[in-house]
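Please look over the structure shown here. The report below takes it one region at a time.

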Amino acid sequence: MRKPQWILTTGATPTLWRSQGNHYVQVPQPAMPAGTLQWDPWALAADGGTVVLWGSSFGPTRGSQATSARLAGGRWSVTPFSTDPRGQSRPGVPPLVGLAQGRFVATVGFPGGHVWSTAYDLTAAPPRLLGATHVAYPTGEEWRTNDWVVRSAADITTWGSQRMWTDATFTRQSLRGLCKRLVNGTTGTCPAPEWVVSAATALPDGRQVIGGEDTVPWRHEDGSTGPVVQGGFAVVTGQSTPVPVAGDPGDAVVDLAARSTVTWAITRTGTTTTIQRALLPAASKARVVGPRR
């Protein structure tokens, strides 16, 4: 039996859909607590029979507050993010969610400060801080997370970009891809391609597939820029260097989804959106050779 597929459409009227054979059916939204004037889901995560929506609710006395809604056993449960009522999505910082091993994790953006967005385990009560996913410094340096792969609340790989100064006069900034790994609350750097990573997903065998966007490697304050670095596709095994995969992501990879060794990519070129499909080879397994007799 195939696992159901879920789609959340956002905008003026956010809608949740579930695959039903060869078509999709609309799933009713969760009922919000009394006093809630508006509910805006940003993103969803699904694992087995559990679905979680991550978004914001609005009330006349507390303003906007990050809120999660969990669908399990045919029933919705709604939980406001209680660590800080100011927690909300920040413009330019994509909301990220993940559901793995029974734990629901998500990013929360806070107004002000140098750390723009942090990851929390929202299954814990109160929510448990897992680490920063998006940091900006007063000097203009920044590392930005565009997508992530959540193995568990204790093992998260984030993908995005790093912007930093490349000269002593602080007049030229470089931009390249960035990989960070949050393991038990400790952040470390992992290999990333030159191009900025815009989307990531995981294969059932543990490998990750990443997609990028076209960027320029540096930008000077006089307006000059470096040559365009073409985004691409790549496969990552463990924490090794990404291995390029053939394909043209256009201007940018918007999203990635995988099942078995098949990966679908939603790509954008100008105003045109395309869906691409790749059948990746199975992961190689170590061969055990016994002693000769």
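## Strand E10

Strand E10 (residues 115-121) is largely enclosed by the rest of the structure, because six of its seven residues are buried. Buried here means under 20% relative accessible area. This is a predicted model.

## Partners of E10

E10 pairs with strand E9 (residues 103-109). The sense is antiparallel, and the pairing runs over five bridges. Ser117 in E10 is the bridge partner of Gly109.

E10 also pairs with strand E11 (residues 128-136). This pairing is antiparallel too, over six bridges. Ala132 in E11 is the bridge partner of Thr118. The link from E10 to E11 is a hairpin of six residues.

## The loop at Met32

Met32 lies in the loop between strand E3 (23-27) and strand E4 (38-47). Setting aside residues up to four places away in sequence, Met32 touches Trp39, Ser57 and Val78.

Thr67 is 35 residues from Met32 in sequence. In space, their C-alpha atoms are 9.9 Å apart.

## Confidence

The protein has a mean pLDDT of 86. Of its residues, 89% reach 70 or more. Strand E17 (residues 208-213) has the highest confidence, at a mean of 97. Strand E6 (residues 63-72) has the lowest, at a mean of 83.

Residues 286-290 have pLDDT below 50. Beyond near neighbours in sequence, this stretch makes zero contacts in the model.

Methods. Residues are numbered from 1 along each chain as its sequence is written. This is a predicted model: local features need pLDDT of at least 70, side-chain atom pairs count only at pLDDT 80 or more; totals for chains, interfaces and linings use all residues. Side-chain values use heavy atoms; hydrogens and water are left out. Helices (H or I, at least four residues) and strands (E, at least two) are DSSP runs, numbered from the N terminus. Contact means heavy atoms within 4.5 Å. pLDDT is the predictor's confidence in each residue, from 0 to 100. Buried means under 20% relative accessible area, exposed over 50%, partly exposed in between (1.4 Å probe, protein chains only). Two strands pair if DSSP finds at least two bridges between them.
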